[in-house]
Amino acid sequence: MKFFIDTANLDQIREAHKLGVLDGVTTNPSLMAKEHIRGEEACNRHYVEICRMVGGDVSAEVIATDFEGMIREGEALAALDPHIVVKLPCTADGIRAVRWFADRGVRTNCTLVFSVGQALLAAKAGATYVSPFVGRLDDISEDGVGLVAHIVRVYRTYGFKTQVLAASIRHTHHIIQCLDAGADVVTCPLQAILGLLKHPLTESGLAQFLADHARVNQE
Ligand code: E4P
């Protein structure tokens, strides 16, 4: 199971990386905009910095929506660093681009996936990762974790190699639910990752240990 952080914020990536459990990073144009990164050159520098910091897979998304544009942008992104995974939307042109890159050994992440049918096309086209959006489905009263489980089932039944990357994770419990559903990767905000550490018995147990140690050592 792989653990990615879902942000373009360098401080948050650094903090998660320091834990020693981070396998990669996912970004998207909204996350890049949140960091006020403008223009192609600045974006490229930012991607390279993330790659150097993490040394794991870093998804970088194309902006173009037409096949030729996706190929042009995807090739430029892939050339930045061997850790870059080209992120492409699950549209007809996106699926064509996934196939084009797969045929040339370039790794891809097929994003904005909201159905098993879309995930099937991504796998048939040879995507390295498929990203079902858990939180956004929950937002419209659909079952995001259920979709992850359904995709995992179909991929295992037919032996697809595409890894299921659970995205749009909103909280710590989503992470556990996606693990139960058999996701290969979960990409999470920093707060959801840190939430995994929290347990009142760990906190009260540690406080008791320290108090007992202090009491005896002050005698
Ligand atoms: C990651 O690959 C996705 O772009 C991201 O998880 C979307 O998350 P959101 O639904 O919280 O914007």
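Predicted model: local features only at pLDDT ≥ 70, side-chain atom pairs only at ≥ 80, totals over all residues.

Modeller: Residues are numbered from 1 along each chain as its sequence is written, and side-chain values use heavy atoms, with hydrogens and water left out.

Biologist: Is S168 buried or exposed?

Modeller: Buried means under 20% relative accessible area, exposed over 50%, and partly exposed in between, with a 1.4 Å probe and protein chains only. S168 has a relative accessible area of 11%, so it is buried. By contrast, S141 is exposed because its value is 70%. Phi is positive in both non-glycine residues: near 55 degrees for S168 and near 65 degrees for S141.

Biologist: Which residues are around the ligand?

Modeller: A residue is near a molecule if one of its heavy atoms lies within 4 Å of it. Here these are D6, T26, N28, K87, F133, R136, A167, S168 and R170.

Biologist: Which polar side-chain atom lies 2.7 Å from an oxygen atom of the ligand?

Modeller: A polar contact is a pair of N or O atoms within 3.5 Å. One such atom belongs to N28, at 2.7 Å from a ligand oxygen. R136 also places a polar side-chain atom 2.7 Å from an oxygen of the ligand, and for the side chain of S168 the distance is 2.7 Å.

Technical notes
Polar contact = N/O pair within 3.5 Å; in protein donor to acceptor, adjacent residues only side chain to side chain.
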